[in-house]
Amino acid sequence: MDKILEFKNVNAGYGKEQILNNLSFYVEKGQVFGIIGPNGSGKTTMFNTLLGQIKPSAGTILFDGADITRASANARCRMGLGRTFQVPRPFESMSLYENVLTAAVHGGSQSEHAARDTALECLKMAGLYDKRESRAGELTLLERKRLEIARALGTRPTLLLLDEVAAGLTELEVAEMMELVAQLKANHYTIIWIEHIIETMVGSTDYLMCMAQGSCAVQGKPRSVIESKEVQRLYLGVDDDE
Ligand SMILES: Nc1ncnc2c1ncn2[C@@H]1O[C@H](COP(=O)(O)OP(=O)(O)OP(=O)(O)O)[C@@H](O)[C@H]1O
Ligand SMILES: [Mg+2]
């Protein structure tokens, strides 16, 4: 087994408010690792902590064998962490190509020449190549989500962090997103995917963690996690005696 990421007993939060409580889990190379959990359970906060936007008050974060607990956000990006944002934040008036190019130059530390090829490749991978000259502001929601992924890929990550990239999409569009994630996995990316849609998580992930109150409540094979009493109670609002 080859771990790419490990959280060991991590506490972190905003100011005095602690959100992550003794959070421990690990992700294996090549996995699609899913995360579910009620609103406010700390899923996005885990990404913020992993990316270095929040400093843990306790615990250790290991990435690719290195202790990154105190590393800067820039260093983490250079080491291979790339994320999408829950609310897409493209540069609206720039073309898709320019958006991804910017990510490749600034996040991927590439020369502009090399970044051009990277940007085109990432647009292809995200299914946006034909739209590369469109303005980001003209996109449908699915295309905006695809652009978020293309921008994250532009920084040349090995571990890709997806925060609710299927939220708000129609059933058909969700199926397209699942297809895209399957392609990324086939291209050897390791992926952590936060999403509320249960069937999507069961269909797309190799391993699933349910968070509650900043900790790991249940983890394991996706189907067994979803069917566990703890998740039924915590996440789906089903009581034991129902
Ligand atoms: N920038 C912030 N400053 C202060 N508190 C925050 C901030 N961002 C989130 N929180 C608080 O941290 C807690 C966890 O929020 P987080 O966004 O990590 O939840 P989440 O699991 O991603 O939820 P959701 O499913 O709604 O996206 C919440 O109580 C939230 O109000
Ligand atoms: Mg969130």
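**Figure 1. Residues of helix H3 that meet helix H4.** In this predicted model, Leu-96, Tyr-97, Val-100, Leu-101, Ala-104 and Val-105 of H3 meet Glu-112, Ala-115, Arg-116, Thr-118, Ala-119, Cys-122 and Leu-123 of H4 (contact: C-beta atoms, placed from the backbone, within 7 Å). By class, the residues of this contact are 10 nonpolar, 1 polar and 2 charged (nonpolar: Ala, Val, Leu, Ile, Met, Phe, Trp, Tyr, Cys and Pro; charged: Asp, Glu, Lys and Arg; polar: the others, Gly among them). Local features need pLDDT of at least 70 and side-chain atom pairs count only at pLDDT 80 or more, while totals for chains, interfaces and linings use all residues. Residues are numbered from 1 along each chain as its sequence is written, with chains lettered from A and ligands numbered from 1 in the order in which they are written.

**Figure 2. Packing angle of H3 and H4.** H3 (residues 96-106) and H4 (residues 112-125) pack at about 125°, their axes 8 Å apart (axes are lines fitted to C-alpha atoms, for helices over the stretch in contact; angles run from 0 to 180 degrees between N-to-C directions). The two helices are therefore oblique to each other (under 35 degrees is roughly parallel, over 145 roughly antiparallel, 65 to 115 roughly perpendicular, the rest oblique).

**Figure 3. The open sheet.** Its 6 strands have the order S6-S7-S8-S3-S9-S10, with mixed pairing (pairing: at least two DSSP bridges between two strands; helices, H or I, of at least four residues and strands, E, of at least two are DSSP runs numbered from the N terminus). S6 (81-83) and S10 (215-220) are the edge strands, each pairing on one side only.

**Figure 4. Strands S3 and S8.** S3 (residues 32-36) and S8 (residues 190-194) run parallel and are joined by 4 bridges. Val-32 has Ile-191 in S8 as its bridge partner.

Definitions and conventions
Two residues are in contact if their C-beta atoms, placed from the backbone, lie within 7 Å.
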